[in-house]
Amino acid sequence: MDRQQEFVLRTIEERDIRFVRVWFTDVLGTLKSVAVAPAELEGAFAEGIGFDGSSIEGLARVYESDMLVRPDASTFQVLPWRGERPGTARMFADIRLPDGTPSNADPRNVLQRALSRAAEQGLTFYTHPEIEFYLFEEQLGPNGQPIPVDNAGFFDHVPRGAAHDFRRAAISMLETMGISVEFSHHESGPGQNEIDLRYADALSTADNIMTFRTVVKEVALERGIFASFMPKPLALQPGSGMHTHVSLFDGDTNAFFEAGAPYQLSRTARRFIAGVLKHAPEMSAVTNQWVNSYKRLWGGAEAPAHVCWGHNNRSAMVRIPMYKPMKRQATRVEIRSLDPACNPYLAYAVILAAGMKGIEGEYDLPPEAEDDVWGLTDRERRAMGIDPLPASLDHAIHLMEESELMAETLGEHVFEFFLRNKKAEWAAYREQVTPFELEQYLDRL
Amino acid sequence: MSRTDLIKAGATDSARAAALLDELGDWAAPDLLELLPQSADPDQSLLGLVRLKEADDAVWRPLDGAGRLRLVTVLGASSALTDHLVRRPEQVADLAEAALGDRAAYVDLLRADVGERTGTEARDALRVAYRRRLVQIAAIDTSGSATDLLPRVAEALADLASATLQVALDIATREQDDAADARLSIIAMGKCGARELNYLSDVDVIFAAEPADGVDEAHALEVATRLATEVMRICSEHTGEGTLWQVDAALRPEGNQGPLVRTVRSHQQYYERWAKTWEFQALLKARPVAGDAEVGQAYLEAMQPFVWQASSRDNFVEDVQAMRRRVEDHVPRGEAARQIKLGAGGLRDVEFSMQLLQLVHGRTDDRLRLRSTLAAIDALSRRGYIGRTDAAALDEAYRFLRALEHRIQLSKLRRTHLMPTSEAELRRVGRGLGFRETPEEAVVTRWKETAREVRRLHERIFYRPLLSAVAKLSDDDARLTLEGAQDRLAALGFRDPKGAMRHLEALMSGVSRRAAIQRTLLPVMLPWFASEVDPDQGLLAFRRISDELGGSHWYLKMLRDEGSAAETLARALAKSRYVADLLERAPSAVALVGEAGSLTPIDREAIITAMRAAAARQDDDEQAIVGLRSTRRTELIRIALADLSGTIGLDEVEIALTDLTAATLHVALEVAIRSVEAGLDRPFATDIAIIGMGRLGGREVGYASDADVMFVHRPRDGADVADAQADAEAAIAFLRKHLSSSGPDPVLGVDADLRPEGKAGPIVRTFDSYAAYYERWSEGWEAQALLRATPVAGDAQLGADFIELINPLRWPEGGIPEQAVRQIRTLKARMEAERIPRGGDKRTHFKLGIGGLADVEWTVQLTQLQHAHAVPELRRTGTATTLQVMADHGLISQEDADQLRDSWTLATRLRNASVLWRGRPVDALPSDLHDANGIARVLGSPVGTGHQLSERYLRAARKARKVVDRVFYGVVADNGWDRNPTRR
């Protein structure tokens, strides 16, 4: 046992911790938790905790049904929201095969593989997400519709608003858990909030997003409201996205920066963007993985449903933020299609892979979109070479199924599982008779 | 000095040398007769003297004899240092008095030269002071014996570099106001850490720092980082006085991504959590050389435990092997032949081997915890981990290689590890190492010999002491304890080191001649076992075979004398349970590995001849079958050995196994007819032919394939039809019973289920009955089974007639009708839904899974049924070759054909490899990683790549499936691409 593990065991004793939750993520991005009594923890460090992988979404047997979760002592955190004593703590875990090799089915491993392929070219991938979500009253409305906690607009300071308190509490809890928060403000929909996580390497960011989603939900519950990362909870209000700023570093230098180039974007950056754009339709099922995701994407306004890029163009899928002089390390591109209900490990893996493909394949960047693309007709967009993102999950599944890039990046196992699961979701959705249909047809037909 | 004297002294251009000598006049000249022959390059020495005289003609006179020798030899050995002395003639004076110093001495000397300077002045002064001491080291080195002096010179170079780092830190400290807030220690790694530095290389370091009392840690680290950055810059930047060397801090935690400076605690945390095996190996050399001594000591104490526990980490063995491969892979191809450091038998080989042994045995033996390579060789030998003679030879080889490297680097003070190519350069290096006769050739010869010697020693050093632990091989040998031997066996990949020790003991103990030969064989064979996936199994099987054959003279002789026999055997046993099992049951077949050309499969006629002979030796018919089956076993071993050793590919394996099965059926049928006839009071009434179906008909038999057949007979003229049917059935019953009864050799299942009416129909029909049956046919799809039919045994004429009979059925005029196509597709779809065995995974099942064998074969067969009438080349029974014909005739795109073939070939090879690895048939991708490793290895992948196997197969199968969907099922691809989503 190493000292970090000893430290964990000592802390558990000193702080009277009765349960330790071991966290990992399934293929769909749901946080999974195995509770371990402190007495079993020593064994868990040494040998891992065996569990039947076939019971978890997407972790079915690759080599053996029995897999191991091995807690990573360095991620030990006492959970701040479960009262003081007796306390609860958590650790992230990697999923391993019985012989200790990483499991192909572990989304964390998918991202690690993508990162190490980039590392072979000397590149590191950094990401910075802006996570939007809604806060709703605990009680649903009379027709089962969610009721936002307030009616404020963008950047409004709501006096003694629930959301304001909420953000302060959530941020302080995140900071307690070692997650730095960059910025937070009220978004444009009623009850909608945004919190930005600080720039970090993609793996840490993905871990932080997992913690973030849990913390936000917990804090909301403590306050008698609830939080949702659903991409489009209210038909008439903006959806929640997870715009992510990305950049590649070559050692200590930002590989996206080139002094004097248009928008200070290096050739590497332009090819990266070209890769992300070209492969955007086929990776859509991963970056926007739910039936509901497509209702956000096709909701107009700032939702990015078209494969194009622009400088400060908020209708484009990829936006180049304004370059600030002397901030070469901050040169980055913003990918706006992601939503906060994605599996962040897989989503970042496919974006990186698409960008790297652009770099390796020396893709040319298509011309910049200067107009609001929503203002164009379908025909105009086609004439300009601007493709749409898939219009539904079904379309996204079809496109992904044909994609070698997705299969290679996710690995055959996750690829197959993911498609199977998403087809089932689509089938279940299609079976519904919706209020829309009842309203439209019941009387008339 | 005459021109003859000059030539004798080693000058190559005597006319020019004489001219230079004239220029010197009586300056220096009187001594040169004696001095020049000792120079590595007398011409260059002379030229250097002339230049020096021009620079300052007062430098020569004060030098004593030793000083003059040092000057002349250093001028000869290094043009770079000559340039330096010409610029700084005042440094010539102290050459005579100079001695090799240690770190403390060099720190004092450098500090005295640099003084309290800062800025560019300080940097220039440090460079001049450094070279002043470097020249002295080089002068001492070149005027003595390179190999004898090597350890001391390498230490002095490391100490000088360490002192330089200290003085660079002094300078940086003077330049930073708040330097006192941080206590920075510079830890040397690599060759500098081990005090075995060469003349020019990067100096590897790690920085550790602690806050000074009362200083905030974050601030202290910021100060320390500034200091460290400055130290690196002071050493590496180019000033008016040039540069020193690069300081490389990439060995630090997280490499170049990590912070430059960490606290001791932070280092510790990193190694506790993240570090990889190679990083622990690197720590072996860590030594604080500059800055705060207490911090350095604390760092060292915190790190040492990691180093010595590294060998008990998970995956230590795999990591070490992978590291080795990486090193070898990194040698640029064009340089491999000239590499002194990284090539096979190079410096890295020696260093790596010693470090590995230190890590393995240093866990329990703290006297091995040393940094330098030569010290490690000595300690390993003293403590009995490697043999004395081997150690001495290794020490000599290492010294030579290092001295060679030094001489090459010295010439231009370049960082190089490549053997020079120019003759002049080779000559200088050769003379520098003491070769006087044709030095340019002698040095190359000696280098190549040394590299060979290192490679040879490498294996001896690892394996021989293991064997000495159980049986004393010679007085000189190492005295590894049993525990030590077990540690090492485990490190080499044996999973049951105790068991391995027992086998070794059993093989080598005793005074018999046999034990004596094993004692010489095993040191050579053990590495082959160890480099395969299952060394334990290999060694056990080898022990059993040797127990069985022990006394046979030919056996040990063959292993000892026949080229690659021992290697072929050892690797096959450690790779393949199938071969190990067969050989354990038929040890005499081991002889196959020793016969020249014996690993080429023999053809069908030759097998038939051999089987007939084996059968004829027996009176009893049942014994005759046993005889031919043992011939079959020998041939299976031959084919498997050839397959494992890579001498034949999949096509040849399949053809060989097809021929073997056909021959077995043929001769067994002869015996069966003879046996039945013996019990009759009349002649045997019918002729029988065996038609191969499935893989047998397609000449694509695998190790575990049953023989899929149909039997046909034709009553002989005048015979009673009922008698004929009875005789045929009796003969076939005899054949099936005796080929499939269990025995000491693999059974051959004979499966006739593809006959008309399947299991419900008679096992054999007459030719006429077949004709009548086929006459009644209307179902096109029934012809599918006949596509692969080929006569394989029995009456040749009857077989040929049968084929004539069915040709119009399987290649129907005009192709099969659309309705039959639909029927075949439906049947296939139903099979997919129903056929996968319970618990099986439809993705991993080789035969019936998605994109598997059946998918590909049905696609091919459907095409044949539709188009063979029009495209005669399609009238063939194989799968892979037919795919190519389909592509050639545009019935499928080349890309689709390739994807189908890839999946089919991979599934077939995986099936075969699984049988070889596990000794029994396997239907799906292995669910156990050890099996995956074994199977991947049989397929020719490096050890330890099994986890890639499933990814590789699933990918091939998925792609094949897409083709099957299109080509077989006729599904039109719909990508769901809605291009007008907003309807505007």
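Reader: Which domains does the domain assignment give for chain B?
Author: The bounds come from an automatic or database domain assignment. This is a predicted model, where local features need pLDDT of at least 70, side-chain atom pairs count only at pLDDT 80 or more, and totals for chains, interfaces and linings use all residues. Residues are numbered from 1 along each chain as its sequence is written, while chains are lettered from A and ligands numbered from 1 in the order in which they are written. For chain B, the assignment gives domain 1 (630–810) and domain 2 (812–984).

Reader: How many residues does the contact take from each of domain 1 and domain 2 of chain B?
Author: Taken over C-alpha atoms, the centres of domain 1 and domain 2 of chain B are 27 Å apart. Two residues are in contact if their C-beta atoms, placed from the backbone, lie within 7 Å. On that basis, the contact takes 21 residues from domain 1 of chain B and 23 residues from domain 2 of chain B.

Reader: What span should helix H38 of chain B have, and how far apart are its end C-alpha atoms?
Author: Helices here are DSSP runs (H or I, at least four residues), numbered from the N terminus, and strands are runs of E with at least two. The expected span is 1.5 Å times one less than the number of residues. H38 of chain B (residues 894–918) has 25 residues, so its span should be 36 Å, which agrees with end C-alpha atoms that are 35 Å apart.

Reader: Is Ile131(A) buried or exposed?
Author: Ile131(A) sits in strand S7 (residues 123–137) of chain A. A residue is buried with 20 or more other C-beta atoms within 10 Å of its own, exposed with 12 or fewer, and partly exposed in between, with C-beta atoms placed from the backbone. Leaving aside neighbours within four places in sequence, its contacts include Phe212(A) and Met242(A). Because 25 other C-beta atoms lie within 10 Å, Ile131(A) is buried.
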